[in-house]
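The entries follow the order in which I looked things up.

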Amino acid sequence: MFEETIVAVATPPGEGGIGVIRISGPQAQAIGERILRHPSGKAITTWPERKVRLGVVLSSEQKIIDEAIFFFFRAPRSYTGEDVLEIQGHGGQKNLELILSAAMAAGARPAEPGEFTKRAFLNGRIDLAQAEAVIDLITAQTDLAHQAAQEQLSGRLSTYLRQCEERLLAVLAQIEAALDYPEDEIPDLDREEAGRTIHDVAEDLRTLAVQAEKGRILREAATVVLAGKPNVGKSSLLNRLLGEERAIVTPIPGTTRDFVAEISNLQGLPVRLVDTAGLRETSDPLEQEGVRRAWRWVERAELILVVLDAAAGLSAEEERLIEDVRGKKRMFIILNKSDLPPRLTVAGLPEKFSGLPVLTVSAFSGEGLEDLETKIREELVGKDFGRGHPVIVTSLRHKEALERAVRYLQNVTAGLRDGLSEDLLTIDLRAALEALGEITGRTVSDEVINAIFSRFCVGK
Amino acid sequence: MAQTKTYDVIVVGAGHAGCEAAYATAKMGFRTLLLTLNFSNIAFMPCNPSVGGPGKGHLVREVDALGGLIGRVTDLTHLQMRSLNTQKGPAVRALRAQVDKRRYQEIMLSIMEKEPLISLRQGEIVDLQQSKGTAASWRLQLSTGIILEAPVVILAAGTFLRGTVHIGLTTFPSGPQGQHPSISLPEKLAEMGVRFRRFKTGTSARLRRRSLNFEAMKEQPGEETPHGFSFWIPWKPRLQASCWLTYTNERTHEIIRKNLHLAPMYCGAIKGVGTRYCPAIEGKVVNFPDRPRHQVFIEPESAGTDEVYVAGLSSSLPEEIQEEFIRTVPGLEKAEIVRPGYAIEYDVVAAEQLTPYLQLKEFPGFFCAGQINGTSGYEEAAAQGIMAGINAGLYLKGKKPFLPRRDEAYIGVLLDDLITKELDEPYRIMTSFAEFRLSLRQENADLRLAEYGYRYGLLSEAEYEHFLAKKERIQQIQTTLEKTAFDPRSAAGRKVTEQTGITLQQRISLAELLQKPEVSYKMLQEVYAELPPANDEARVVENQIKYQGYLAREAKMAERLRKMEEKQIPPGFDYNEVPNLSTAAREKLTRIAPLTLGQAGRISGVGPADLSALLIWLEARMKR
C-alpha cells in the first residue's frame, strides 16, 4: 500500500541501555542487506521471521557503527502489516542516529509522527478504537511540531532560511517570468551571476547542515576518548578534567579494565569523557576485553586524546597507536607529566608526527589544563561557536532536508555552467526550495507566482 | 400554449467554450442546441486577436489532441505564426498565432452549421427551471416565448452575466465590445441558489491602421513554422502579416498618473477583482513607477478591416484621456481610436460549487464552462468547453466522468487549480503552474490525449488511424536509434566525432549517444541515412531520450500523486465527523468538497496532519 520505507528510533530519547530502530516498508529487507552484516563480516542473505540474530551495523562508508541484535518480521505479520526490520543497538542518541543515517542512506526516509501506527491501522493491524487514539497522537505530535514551527517562525533559523529562500526565489522568478512571458521585457538570465547566488546559498545551507552536527554536540555531548598505554596518566587527566575523583587511579598498569565515561562541562560545552583501558597487547582475557572495548570507543569518538608519558619517552607501541588513529579521527597528542624531568618533548617527536596538535600538560600539577580545555572546545565546535553562525539546526530531519537542498542546488550550478536549458534548471531549483519548504512551511508554487508578479511587469 | 423544443444538450453561449462544448456533445451523438444572444458574434475575440503562447499554446494543442476545434480553426485563419521560447528548453517551446478574428468567426460558424446534430438559435433566456420528475430536466424560456428543454445545460456565458462596462466614470450595462448583456439569466440562477462573485477584466483601444506611422515602430514579422497547432489537418502556412513594436514613455505615464482619479480601478468605481496576468496600463504605471517605458504591440485584427489591436495599453480611462496618452507613443501620434478600451465587471460562478468535471454540485446536468468559471483567455475557455462537453456526454450516457491528471495535461492542471486554488483574480494558465512541465510538452499532446479523444467519439476513425501510424513511426525512430551502433571509425561516426569532438572507446547505440548534450538528432540524421528527417515526431523521441533522467523524476512524483488521487472522498462527506482537523482545514474542505485526497491536499490551509487524520477516518469508514 505504501511504497516508501520509513525509519525511526522507536525508544524514547536518552541514554538507555539499548535503543530500537524500526524500519517498515517494502525496502526493509533490502535496507537490512545493505546496513547489516554477520559479526564475521559476511553478508546476510537469509531473513527468517521473528528470529533474534546478532550482527553489526555498517555506515554508508562501510564502517562498523555498532554491534546489534535484529529481528525481521515479514508482511503482513508485523506491527505495521509491512515488512519490518527492528535493530536493537546500544542506546545513546549518537549511536542511534548513526544507525538512522545509515538506514536513510540505504533508502529509508524518516517517519512522520505517528506514521508507524498510521500504517498499522491502514493495513488493518489495529482497529478503529486504536485508530482514534492514533489520530489524537498524530494531532498531539503535530501540534508540538506546529508549536516548534511557530517558535522557529519567530526564530532565527526561520528568518535565516527565508533569506536563503528569497535569494533562490529571485533567480527562479526571473527564469519563470521569462518562460511564461517570452515577449515581455525581462532581463536575460545572467548565468554567471545566478550561478554565484546559487553557489553562495548552497554554501550557506551546507554550513548550516554541518552546524547541525555542532548543534547535536551541544544537545547531546561530544565524545572525547583518552587513549594511550597503561599508566601514562589517563585516569588522572580524566579526574582533572572532571574535577572529581571518578576513575580509580593506581600505579599498577592496567587498572582501568573497563572504560569510564562521564559527562563534563568543558567551558560550557557538554563533553563525554571516556577513559579507556590501556590499548596494549595483553594475555589477561578480562583486560583483552577492555582493550577491545577501548577501540570501539575510539571508533565512535569525535576527538581522541592520545596520552603519552613525557617522562618515559615514546614506545614503538605508542607510535603505532598514533598512526592507527590519525586520519581516522581528529586527535591531540598529550605530553603528560610535564612536572617530571622530560625525556620526550614536542621537538623530540618523530618528524612524521609534525602537523599533529601537541599539548604539554601535567595532570598532577594542573599545568596546561586550561589550555587543553580551550583547545578541545575549539576543535569540537570552532572558535566562534555561539557567536559566529547565527543559527543552529538540531533536528536530524532538518539536517537531512538541508543536505537535500544542497544537492539540488549543486545540480543547478552545474546546469548553469553547462548551459542546461532554463526549463530544466527550474526542476532542481524548485526541488531545493521544496526541501527548504519542509522546514519553513512555505509552498513553492504560490511563492514563485507572487515573486514573478511583484518583480516583473508582465502581461499585455 | 408556447411551443416546446427538446434536445439532449443546450449550450448557452457560443463563444470559445460554448462552440467546443456543443461540438463535443454533438460528436458524442447528442442532439445539441447552441443558443446565443447574437449569432453574428459566434467565437468572437473581444481582446487580443491572438491564440497560443506558453501554457496557452499547450492547451490549444491538448484541446486539438482530444478532437476539439481551436487548433484547427487557428491554423486555418492565422495571419502570423511564431515559435516562442525556442532557446529556453523543450518544456516551454510554444506556438503563438495572430489570427484573422473575422475569418475565425466565419470558419467556426461553418463548422457549427455543418455538424448534423447541432441546432443553432439566437435568443435571450428569461426563465430557467429544473423540471421535477423522474428524468431530471432543464426548462428554459426565451423572451420570445419559446420553451427549450434538455436534461443537460452547459452554461458558457463568458463575461455577459450582469456585464458592466466602465470607460472613465461612464458606466453602463453591457457585454464585451458593445454587446447586449445578460440580465435575467443571472437573476434566475441566483434565485435557484447559484452563488456568484464579481470579477473584472479589460481590453485596450482599437485604432485605425492608416492613422499610424509604422516608420517609427519596429516590425515583428512572423516565421515559417514547420507545423501549426492541429495534429489533424495538413499545415499550410499562410501569408505572414507583421506586428509592430513601439514603447510608451514618461509623457505617457505622466498623463496616466495625472488622471488616475478618473480611472475606475483607482477611484473605487470597480469593486470586481482584476488580474495580475494582463494588467491595464494604469496598473503597470502605478505598480512599476521606475519603469521608463512599457512595450506596445500593434496587432492586425483581420485582413478584412483596417482596425488594429494595441496590445499593452489596456485601459479604462475616459476615451479622451486614452487618446491623449496613446498619441504620446512613437508611431501613434496621430492615432484615431475606432473603439476605446474599457474595463468590464461580470458575474462568475464561485468555483467551490463546481466539480472538477465542471458540473454544479447541487444541480445534476448543469455544467459551466469558460470565463464564467473565473478564467481568462480563449484557450482556457476552449479547454473547459471541450471538457464540459465530454463530461456532459458521459453524464448522459451514465458513464464515469473524464478528468486528465495534472501529470497528463495542462487541462488537468487548469481544472484542478480552478477548484482547489480559490481564485481571487481571473485565472490564466502558466507553465509555472504545471509541476510536470517537462512531461507536458506541446509536441506530445496527441500521445497524451488522442486515445481519450477517440474513445469518447470526438476523433474519427480516419484521424485515429493517422494517429496510430504516427505512433508507429515514432516507435520506429526510437528502435532505429537503439539498434544502430555508433562506430567512431565508420564514415558517419567520424563525421559525428568531427562535429562534437566525442571520442569513445566502447561501442554505444545512437540512442545513448543522443543523451550527450553536444549531440542532436538533427546532427545524427544528417549522417545516418536510416534516420527520418528531424520533424516533430523525431523531436518526441529526442526529448524522451535526452531528458529521460528528469522525466523519470517527474514520473516518480506523478506516481505518488496518483496514489493520492485514487483515494476518493465520498460525495456529501461530513468533515465534522472527523476529529482533529484544524478549524481552517475543516471549513475549507467543507466548502470546496474535494473529490479525492489528492485534491484535498492541494487546498491551501490543509496540512499533512489534516490529511493523515482524514485518510485514517476515510479508511475506517470503508471498513465499517
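I worked on a predicted model, where local features need pLDDT of at least 70, side-chain atom pairs count only at pLDDT 80 or more, and totals for chains, interfaces and linings use all residues. Residues are numbered from 1 along each chain as its sequence is written, chains are lettered from A and ligands numbered from 1 in the order in which they are written, and side-chain values use heavy atoms, without hydrogens and water.

**Chain B, overall.** I found 20 helices and 24 strands in chain B (DSSP runs: H or I of at least four residues, E of at least two, numbered from the N terminus). I noted that 61% of its 624 residues count as buried (under 20% relative accessible area; exposed is over 50%, partly exposed in between; 1.4 Å probe, protein chains only).

**Between chains.** I looked up A:Asp428 and B:Arg553, which form a salt bridge at 2.8 Å, N to O. This pair runs from helix 12 (residues 422-440) of chain A to helix 17 (residues 548-566) of chain B. A:Asp428 is buried at 3%, whereas B:Arg553 is partly exposed at 29%.

**Within chain B.** I recorded a salt bridge between B:Glu379 and B:Lys56 at 3.2 Å, N to O. B:Glu379 lies in helix 9 and B:Lys56 in helix 2, so the pair ties together parts 323 residues apart in sequence.

Conventions
Salt bridge = Lys/Arg side-chain N within 4 Å of Asp/Glu carboxyl O.
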